[in-house]
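Subject: Structure for your files

Dear colleague,

Here is the structure I said I would pass on. My notes on it follow below.

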2 protein chains.
Amino acid sequence: MARCEILAIGTEMLSGDRQDTNSVWLRRELRELALQVVRVTQVGDDLADIVAALQEALSRAELVVATGGLGPTEDDCTLAAVARAAGREQVLSREIHRGLEERASRAGRIVTESALRQAMVPARSRVYPNARGTAPGLAVETAGKLLVVLPGVPDEMKGIYREQVAADLRARFDPCGLSRGSLLIAGRWESEVDDAVAGPCEAAGVDRTILASAGIVELHLTGSEPAVRQAVEAIRRDLGADVISSTGASLPEVVVEAARERRGALSVAESCTGGRVAALLTGVPGASEVFGRGYVVYSDDAKVELLGVDRELLRRHGAVSRPSVEAMLAGLMERSRCRWGLAVTGIAGPGGGSPSKPVGTVWLAAGGPAGARVIRRSFPGSRPRVQEAAARIGLDLLRRVILQEEPA
Amino acid sequence: MARCEILAIGTEMLSGDRQDTNSVWLRRELRELALQVVRVTQVGDDLADIVAALQEALSRAELVVATGGLGPTEDDCTLAAVARAAGREQVLSREIHRGLEERASRAGRIVTESALRQAMVPARSRVYPNARGTAPGLAVETAGKLLVVLPGVPDEMKGIYREQVAADLRARFDPCGLSRGSLLIAGRWESEVDDAVAGPCEAAGVDRTILASAGIVELHLTGSEPAVRQAVEAIRRDLGADVISSTGASLPEVVVEAARERRGALSVAESCTGGRVAALLTGVPGASEVFGRGYVVYSDDAKVELLGVDRELLRRHGAVSRPSVEAMLAGLMERSRCRWGLAVTGIAGPGGGSPSKPVGTVWLAAGGPAGARVIRRSFPGSRPRVQEAAARIGLDLLRRVILQEEPA
C-alpha cells in the first residue's frame, strides 16, 4: 500500500473556529483506493509553515493531498507555497483566468487583482477546473512524488476529487482489488449491531467498522467483492427491516424512492424538529415528485389553525403526548390529502422539561393506508442533537410505514 | 505568543473511522491562554512514527500537547515513544500503580500485566492523575520545551486538562492579555470585506482571519483588548447594516433577538429551501417566543392551497419569479397574521434550470410594517449549497426588515 499524507491548510482550523472535516472525508476516500494515510497535518496560512510542511510530507510519502488556502485573499498562499516547495515559478493559467472572467461578467463585475491570485499556478501543474467555485485544484509531480492540491470549501473539494482526481489516483496507484460495502441500520444500538454482524462478517472474512450518530448506525465492510456481497446479504437477512439501505443511499433518499415506487405523496407536520424533516426530504434531488408540502407547527395556535388539532386536547394532555401527536397526524392526513404522513412533537430543550417529560422526550406518529405507528423516544444530549435525532428517527418511522405496502 | 503544536495519536483517526475532536477542543483552550497553535499532526499507533513526530514538534514549538495511545493494549505505545523522544528510561509510577490496584480491587479483579503498561512513565515526569479512567496524563520537560501528554478518551482528556494542566500552562506561559473579536457580515463578497476591513485592522494593529460560507462572511480579530474594540467599532461604522453581529451571536440568534426586542412574531414560507429557514430559527433556544409556524410549500398546489397564491399567476410567471414570491409573501402575511414574514422560491437543482432561470436562481421577499424588500440572487454550487445559502440570505433579509423598526 502506498503511503499517503494529508495537509490541511487554514488558520481558522488552528484557532478552533473551523473543524477540519475535509481530512476526515479524504481519509475515507483514500482508503477506498487502498492508499494508507499515515499522517494528517494542519497548518495555518503562513507561507514558510506551509512550504516546510509540504516538503516534509513529500519526503515521507508517495502522495500528498493538500486542501485550503487557494482563495483570493491575501492570507491564501498555498499556490505560492506549492510553487516554492516544488521549485517551480508561478504562471498565469489561461484556463482559470477565463473561468474567473466568465464568472465575474455573469455577476456584472470585473476580475479584481486579488481574484487573479487564484490563477497563478505553479508551472507544469495539471489543473482540475472547479465547477462549483473559483479556486481550481492542481496536481504537481515532483521528484517522483505526487502532490494534489484542492480547495478548502468542502463541496468544491469533494466535487473535484470525485469527478477528476479519484480516477487519476486510481490509475496511478492501482488499488489491489479490495471492495467495500456499507449498510445503514436503524432501531438498534451500536453494540447490538456489532453483536449481530460479528458472525456474518467473520464467516465471510470481511473487516468491519461501525459508526453511530443521531439514532442511525453505519456499518462499513471491506474485503473481496464476493465476501462483501455475502456479508451484506447475510446481514440484510438477519436484520430485516432495520436495514435502511445497503446501496449507499441515504435515509431521505430511501424514503423518497420508496414513495416514488408506490406512486404516492407524503407530508410532514413538525413541532420540535422545526422543519428538519422537510429539509432532509427536500435535500434529495427530485423530492418534489413525492413531497409537496410540510407544516412547521411550533406553537399550539399553529397546531390548532393549520392542522385542526383540538385546543382542549392540547390543554388536557400537553402538546408532547400520544393524543396530541395522533391528532396532529390525523389533521395532517386530512388536510394534505397525502397517502403517508409523519407528525413529530417533543421537548428539544434546554428549557421546557419536567420530571414526567424530561428534555429529549419526543412523540412520533407515521401513518398511511396500511395503518399508523406511534412511538415515544427519549433522546440524549443537547438541543441540536435531540432535534437531529428526532428528525432522523421520524424519517425512519415513515420509511417503515411506506414499506408495508408493495411497490406499484 | 508562545508557539504550540498538537499531536493526536491513534490509527482510528487516520482510517477515517473517527474524527479527531480532541484537537479541535484543545485548540480553543490553548487559544484562551494566548498560546498560538501553529500545527496539528495526526499519526497512527506506530512507535517510530510517534517518536519522529514528537521530536519534530519539540524542535519547532515551545509546547507540545499529545493525546491518545496511553491505554493498556499492545498498540498503545505513546509512553514508550515519549520516553524515547525525551531520552529517558521508563519507570514504574507508584502513584499510578496504586490507582490501578484500587480500581481493580473495587471490581474484584487483579491488575493485569497489560494494565501495568499504563504505569510505566518516563523518568522525571509530572503525573496528572485521571479521576475518570485509568490512563493518567503527564508533563515532561525536555531541552527547555514542555511536552504534555493526555489520554485520548475525550472526557478524560478534558477533565485532566481543565482541572490540572490549564493552571500549569497559565503559570508557565503567562498569557500576554491578547483579546479576540469576531464579526458576521452579509451582503458583501469575501474579497470586498477584506478590502473594507484592511484599513481599520491595520490602523488598530489587530490580526485578522476571514472565512466565507453560504453567503455569510466571518471575520476574526486578534490583538490587545483596546485594539480589537477599536477595530470592531470602525468596521461596524464602515459596514453599517451589513454587520450581522459583533458579539458572537449567530444570524438566527440575531433574528430571534431582534424580533423579541420588538415584541413581534415572524413566519416563513419556503419553497426551494424546504424547511431550512424554519430549522435555523428553531435551532435557537426560546425561538417559540417569536416563531410559531412555517409553511413548506414545495409544490404549486401547496402555494395555492396554503398561501392562497393565484394559480394563474404561477402559470404565467413561473413559481420562481418576482410576482410569485410577492404573492407568497402577501399570502403568508395574511394567513399567519405575523408582524414579519419571509418567502423564498428558487431552483435548487440539479434539474429545473433554463437559460433565463439557471439553477441557483432564487427570489426572496421579506416584509413587515416598515415595508417589503424583494431580491433576486444567483447562488453558485450544488443543490445543498444553493439551499443553504438561500436560507441564510433569506434570514439576513428578514433581519434587515425587522431592524428597520425601533425596539419596543
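Two strands count as paired if DSSP finds at least two bridges between them. By that rule, strand β1 (residues 3-9) of chain B pairs in the parallel sense with strand β2 (residues 36-43) of chain B, over 7 bridges. Within this pairing, Leu7(B) stands opposite Thr41(B). Please keep in mind that the model is predicted.

β1(B) also runs parallel to strand β3 (residues 63-67) of chain B, joined to that strand by 5 bridges. Here Cys4(B) is the residue opposite Leu63(B). β1(B) is mostly covered, with 6 of its 7 residues buried.

Next, helix α7 (residues 154-173) of chain B. Its end C-alpha atoms are only 24 Å apart, whereas a straight helix of 20 residues would span 28 Å. α7(B) has a kink of about 50 degrees, centred on Val165(B). Val165(B) is also one of the buried residues of this helix, which include Met157(B), Ile160(B), Leu169(B) and Phe173(B).

Last, the interface. Chain B has 70 residues in contact with 73 residues of chain A. About 5,700 Å² is buried between the two chains, and carbon and sulfur atoms give 45% of that area. There are 12 salt bridges between chain B and chain A. One of them links Arg39(B) to Glu56(A), with the closest N and O atoms 2.9 Å apart.

Regards

Technical notes: Residues are numbered from 1 along each chain as its sequence is written. Chains are lettered from A and ligands numbered from 1 in the order in which they are written. This is a predicted model: local features need pLDDT of at least 70, side-chain atom pairs count only at pLDDT 80 or more; totals for chains, interfaces and linings use all residues. Side-chain values use heavy atoms; hydrogens and water are left out. Buried means under 20% relative accessible area, exposed over 50%, partly exposed in between (1.4 Å probe, protein chains only). Helices (H or I, at least four residues) and strands (E, at least two) are DSSP runs, numbered from the N terminus. The expected span of a helix is 1.5 Å times one less than its number of residues. The bend at a residue is the angle between axes fitted to the seven residues ending there and the seven starting there. Contact means heavy atoms within 4.5 Å. Buried area is the accessible area (1.4 Å probe) that two parts lose on being put together, summed over both. A salt bridge is a side-chain nitrogen of Lys or Arg within 4 Å of a carboxyl oxygen of Asp or Glu.
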